[in-house]
Amino acid sequence: TDRTTVIVVETDTSIGTPDSDSWWDVPPAEVSTMEPVKKKFKDRARFVMKHFPMNPKCNRIMQGYDKHPNACESSYAGHCAGEQGKFWEMAHKLYDNYGSLASADFTEYAKEIGLDVAQFKKDLDDPDVIGRVRRDKAVGDKIGVRGTPSMFVNGRRINARDLEGFKKEIDSELAAVEALTAKGTATAEAVRTRIKAVPINTDPK
(Lines give C-alpha, C1' and ligand atoms only; values in the text may rest on other atoms or scores of the structure.)
Protein backbone atom coordinates (compact mmCIF):
# COMPACT_ATOMS: atom_id res chain seq x y z
CA THR A 1 0.00 0.00 0.00
CA ASP A 2 1.10 3.61 -0.52
CA ARG A 3 -0.83 4.91 2.47
CA THR A 4 -0.30 4.74 6.22
CA THR A 5 -2.32 1.80 7.53
CA VAL A 6 -4.60 2.02 10.58
CA ILE A 7 -5.52 -1.41 11.96
CA VAL A 8 -8.42 -1.90 14.35
CA VAL A 9 -8.82 -5.31 16.01
CA GLU A 10 -12.30 -6.41 17.06
CA THR A 11 -14.41 -9.47 18.04
CA ASP A 12 -18.25 -9.20 17.92
CA THR A 13 -18.50 -6.44 15.35
CA SER A 14 -16.03 -4.16 13.68
CA ILE A 15 -15.07 -0.53 13.51
CA GLY A 16 -13.05 -1.03 10.39
CA THR A 17 -13.99 -1.98 6.85
CA PRO A 18 -13.07 -4.90 4.60
CA ASP A 19 -10.27 -2.76 3.17
CA SER A 20 -9.02 -1.36 6.46
CA ASP A 21 -6.84 -2.85 9.28
CA SER A 22 -8.67 -3.59 12.58
CA TRP A 23 -9.79 -6.43 15.00
CA TRP A 24 -13.22 -6.77 16.63
CA ASP A 25 -15.15 -6.68 20.01
CA VAL A 26 -16.01 -3.08 20.82
CA PRO A 27 -19.06 -1.49 22.41
CA PRO A 28 -21.20 0.86 20.30
CA ALA A 29 -19.50 3.97 21.72
CA GLU A 30 -16.34 3.11 19.78
CA VAL A 31 -18.20 3.42 16.47
CA SER A 32 -19.00 7.09 17.01
CA THR A 33 -15.34 7.66 17.89
CA MET A 34 -13.93 6.02 14.77
CA GLU A 35 -16.33 7.51 12.21
CA PRO A 36 -14.89 11.04 12.36
CA VAL A 37 -11.35 9.60 12.41
CA LYS A 38 -11.99 7.65 9.22
CA LYS A 39 -13.60 10.69 7.60
CA LYS A 40 -10.73 13.01 8.54
CA PHE A 41 -7.98 10.71 7.25
CA LYS A 42 -9.81 8.94 4.42
CA ASP A 43 -7.49 10.38 1.75
CA ARG A 44 -4.26 9.90 3.71
CA ALA A 45 -4.66 6.61 5.58
CA ARG A 46 -5.97 3.14 4.84
CA PHE A 47 -8.27 1.65 7.49
CA VAL A 48 -8.27 -2.15 7.76
CA MET A 49 -10.51 -4.38 9.86
CA LYS A 50 -9.24 -7.66 11.28
CA HIS A 51 -11.35 -10.19 13.16
CA PHE A 52 -10.26 -11.29 16.64
CA PRO A 53 -13.25 -13.13 18.15
CA MET A 54 -12.93 -13.34 21.91
CA ASN A 55 -14.49 -16.77 22.25
CA PRO A 56 -12.76 -20.16 22.64
CA LYS A 57 -14.84 -21.72 19.85
CA CYS A 58 -12.59 -20.04 17.29
CA ASN A 59 -9.84 -18.47 19.42
CA ARG A 60 -8.04 -20.90 21.72
CA ILE A 61 -6.32 -18.21 23.79
CA MET A 62 -9.79 -17.36 25.11
CA GLN A 63 -10.20 -20.67 26.98
CA GLY A 64 -12.25 -20.00 30.12
CA TYR A 65 -13.49 -16.64 28.79
CA ASP A 66 -17.20 -16.75 27.95
CA LYS A 67 -18.34 -13.11 27.99
CA HIS A 68 -18.80 -13.05 24.20
CA PRO A 69 -20.73 -16.24 23.37
CA ASN A 70 -21.55 -15.20 19.80
CA ALA A 71 -18.27 -13.52 18.89
CA CYS A 72 -17.27 -16.15 16.32
CA GLU A 73 -20.66 -16.15 14.60
CA SER A 74 -20.71 -12.34 14.56
CA SER A 75 -17.35 -12.29 12.81
CA TYR A 76 -18.59 -14.78 10.22
CA ALA A 77 -21.76 -12.74 9.66
CA GLY A 78 -19.78 -9.52 9.19
CA HIS A 79 -17.48 -11.16 6.68
CA CYS A 80 -20.36 -12.70 4.71
CA ALA A 81 -22.20 -9.37 4.57
CA GLY A 82 -19.00 -7.82 3.26
CA GLU A 83 -19.00 -10.33 0.42
CA GLN A 84 -22.19 -8.62 -0.76
CA GLY A 85 -20.82 -5.12 -0.20
CA LYS A 86 -22.70 -4.50 3.05
CA PHE A 87 -20.11 -5.07 5.73
CA TRP A 88 -20.82 -1.72 7.38
CA GLU A 89 -24.56 -2.26 7.38
CA MET A 90 -24.15 -5.58 9.19
CA ALA A 91 -21.56 -4.12 11.55
CA HIS A 92 -23.97 -1.38 12.60
CA LYS A 93 -26.82 -3.88 12.91
CA LEU A 94 -24.67 -5.95 15.26
CA TYR A 95 -23.75 -2.86 17.27
CA ASP A 96 -27.40 -1.86 17.51
CA ASN A 97 -28.09 -5.28 19.06
CA TYR A 98 -24.87 -5.46 21.06
CA GLY A 99 -26.66 -6.40 24.28
CA SER A 100 -28.49 -9.37 22.78
CA LEU A 101 -25.97 -10.95 20.42
CA ALA A 102 -26.13 -14.24 22.29
CA SER A 103 -29.54 -14.81 20.71
CA ALA A 104 -28.84 -12.99 17.47
CA ASP A 105 -30.73 -14.05 14.36
CA PHE A 106 -28.13 -13.25 11.73
CA THR A 107 -30.41 -14.36 8.89
CA GLU A 108 -32.99 -11.82 10.03
CA TYR A 109 -30.33 -9.13 10.17
CA ALA A 110 -29.27 -10.07 6.64
CA LYS A 111 -32.86 -9.66 5.46
CA GLU A 112 -33.22 -6.29 7.22
CA ILE A 113 -30.15 -4.82 5.52
CA GLY A 114 -31.15 -6.09 2.09
CA LEU A 115 -28.76 -8.99 1.55
CA ASP A 116 -29.43 -11.93 -0.73
CA VAL A 117 -30.40 -14.14 2.22
CA ALA A 118 -29.94 -17.44 0.39
CA GLN A 119 -26.40 -16.44 -0.60
CA PHE A 120 -25.70 -15.16 2.91
CA LYS A 121 -26.74 -18.49 4.44
CA LYS A 122 -24.65 -20.36 1.87
CA ASP A 123 -21.62 -18.20 2.66
CA LEU A 124 -22.06 -18.77 6.41
CA ASP A 125 -21.61 -22.51 5.78
CA ASP A 126 -18.49 -21.98 3.66
CA PRO A 127 -15.35 -23.28 5.46
CA ASP A 128 -13.37 -20.51 3.77
CA VAL A 129 -15.18 -17.96 5.94
CA ILE A 130 -13.96 -19.65 9.11
CA GLY A 131 -10.50 -19.80 7.56
CA ARG A 132 -10.54 -16.06 6.86
CA VAL A 133 -11.43 -15.26 10.46
CA ARG A 134 -8.72 -17.63 11.71
CA ARG A 135 -6.15 -15.97 9.46
CA ASP A 136 -7.09 -12.57 10.88
CA LYS A 137 -6.74 -13.98 14.39
CA ALA A 138 -3.29 -15.33 13.49
CA VAL A 139 -2.21 -11.85 12.36
CA GLY A 140 -3.40 -10.54 15.72
CA ASP A 141 -1.31 -13.17 17.49
CA LYS A 142 1.79 -12.06 15.61
CA ILE A 143 1.48 -8.44 16.61
CA GLY A 144 0.60 -9.19 20.22
CA VAL A 145 -3.17 -8.74 20.33
CA ARG A 146 -4.66 -10.18 23.52
CA GLY A 147 -7.89 -8.22 23.73
CA THR A 148 -10.11 -5.82 21.85
CA PRO A 149 -10.36 -3.15 20.75
CA SER A 150 -6.69 -3.06 19.76
CA MET A 151 -5.54 -0.43 17.31
CA PHE A 152 -2.32 0.01 15.39
CA VAL A 153 -0.90 2.61 13.01
CA ASN A 154 1.72 1.12 10.68
CA GLY A 155 2.14 -1.71 13.17
CA ARG A 156 2.50 0.54 16.22
CA ARG A 157 -0.05 0.00 18.98
CA ILE A 158 -1.97 3.11 19.95
CA ASN A 159 -4.19 3.68 22.97
CA ALA A 160 -6.22 6.65 21.73
CA ARG A 161 -9.99 6.52 22.26
CA ASP A 162 -11.11 9.96 21.09
CA LEU A 163 -10.73 12.05 17.94
CA GLU A 164 -7.92 14.22 19.30
CA GLY A 165 -6.00 11.20 20.51
CA PHE A 166 -6.32 9.43 17.17
CA LYS A 167 -5.42 12.60 15.28
CA LYS A 168 -2.23 13.02 17.33
CA GLU A 169 -1.14 9.39 16.81
CA ILE A 170 -1.93 9.27 13.09
CA ASP A 171 -0.44 12.70 12.39
CA SER A 172 2.76 11.58 14.13
CA GLU A 173 3.04 8.50 11.94
CA LEU A 174 2.20 10.43 8.78
CA ALA A 175 4.99 12.85 9.66
CA ALA A 176 7.42 9.93 10.06
CA VAL A 177 6.46 8.59 6.65
CA GLU A 178 6.74 12.04 5.08
CA ALA A 179 10.22 12.47 6.58
CA LEU A 180 11.30 9.37 4.66
CA THR A 181 9.65 10.48 1.42
CA ALA A 182 11.35 13.87 1.75
CA LYS A 183 14.66 11.99 1.43
CA GLY A 184 13.54 10.40 -1.81
CA THR A 185 11.94 7.19 -0.54
CA ALA A 186 8.78 6.21 -2.41
CA THR A 187 5.66 6.46 -0.23
CA ALA A 188 4.85 2.74 -0.41
CA GLU A 189 8.41 1.85 0.55
CA ALA A 190 8.36 4.40 3.39
CA VAL A 191 5.21 2.78 4.81
CA ARG A 192 6.78 -0.69 4.54
CA THR A 193 9.93 0.60 6.26
CA ARG A 194 7.91 1.91 9.17
CA ILE A 195 6.00 -1.35 9.51
CA LYS A 196 9.14 -3.52 9.26
CA ALA A 197 10.77 -1.54 12.07
CA VAL A 198 8.14 -2.78 14.55
CA PRO A 199 9.22 -5.87 16.55
CA ILE A 200 7.08 -8.95 15.82
CA ASN A 201 5.66 -11.02 18.67
CA THR A 202 7.69 -14.23 18.41
CA ASP A 203 5.65 -16.26 20.90
CA PRO A 204 1.98 -16.07 19.89
CA LYS A 205 -0.38 -18.05 22.11
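The following paragraphs lead through the predicted model, from its overall architecture to selected local features.

Because this is a predicted model, local features are reported at pLDDT of at least 70 and side-chain atom pairs at pLDDT 80 or more, whereas totals for chains, interfaces and linings use all residues. Residues are numbered from 1 along each chain as its sequence is written, and side-chain values use heavy atoms, with hydrogens and water left out.

The protein contains 8 helices and 5 strands, where helices (H or I, at least four residues) and strands (E, at least two) are DSSP runs numbered from the N terminus. In sequence order these elements give the pattern β-β-α-β-α-α-α-α-α-β-β-α-α. Of the 205 residues, 46% are buried; buried denotes under 20% relative accessible area, exposed over 50%, and partly exposed in between, with a 1.4 Å probe and protein chains only. The accessible surface amounts to about 9900 Å², and carbon and sulfur atoms account for 49% of that area. Such areas come from the Shrake-Rupley method with a 1.4 Å probe, and for residues only the protein chains shown count as cover. Considering contacts (heavy atoms within 4.5 Å) between residues at least 6 apart in sequence, 67% join residues at least 24 apart.

The axes of helix 2 (residues 71-83) and helix 6 (residues 127-142) come within 10 Å and cross at roughly 110 degrees. Axes here are lines fitted to C-alpha atoms, for helices over the stretch in contact, with angles from 0 to 180 degrees between N-to-C directions. Helix 2 and helix 6 are therefore roughly perpendicular to each other, given that angles of 65 to 115 degrees are classed as roughly perpendicular, under 35 as roughly parallel, over 145 as roughly antiparallel and the rest as oblique. At this crossing, Ser75, Tyr76, His79 and Cys80 of helix 2 meet Val129, Ile130, Arg132 and Val133 of helix 6.

Lysine 50 belongs to strand 3 and is buried, with a relative accessible area of 18%. In the loop between strand 3 (45-51) and helix 2 lies asparagine 59, which is buried at 0% relative accessibility. Beyond its neighbours within four places in sequence, asparagine 59 is in contact with Phe52, Pro53 and Lys137.

Rings of Phe, Tyr and Trp (its six-membered ring) pair if their centres lie within 6.5 Å, with planes under 30 degrees apart counted as stacked, over 60 as edge-to-face and the rest as tilted. By this rule the count is 1 aromatic pair. The pair consists of phenylalanine 106 and tyrosine 109, which are edge-to-face at 6.2 Å centre to centre, with 85 degrees between the planes. Because phenylalanine 106 and tyrosine 109 are 3 residues apart in helix 4 (residues 106-112), about one helical turn separates them. Phenylalanine 106 is buried at a relative accessible area of 10%, and tyrosine 109 is buried at 8%.

Tyrosine 109 also has a spatial relation to glutamate 89: the two are 20 residues apart in sequence and 9.4 Å apart in space, C-alpha to C-alpha. Glutamate 89 lies in helix 3 (residues 87-96) and is partly exposed, with a relative accessible area of 36%. Elsewhere, lysine 40 lies over the face of phenylalanine 41, at 5.9 Å from the ring centre; the criterion requires NZ of Lys or CZ of Arg within 6 Å of the ring centre and within 35 degrees of the ring normal.

Valine 153 lies in strand 4 and is buried, with a relative accessible area of 2%. Asparagine 154 occupies the loop between strand 4 (150-153) and strand 5 (156-158). Although asparagine 154 is not a glycine, its phi is positive, at about 50 degrees. Asparagine 154 is buried as well, at 1% relative accessibility.
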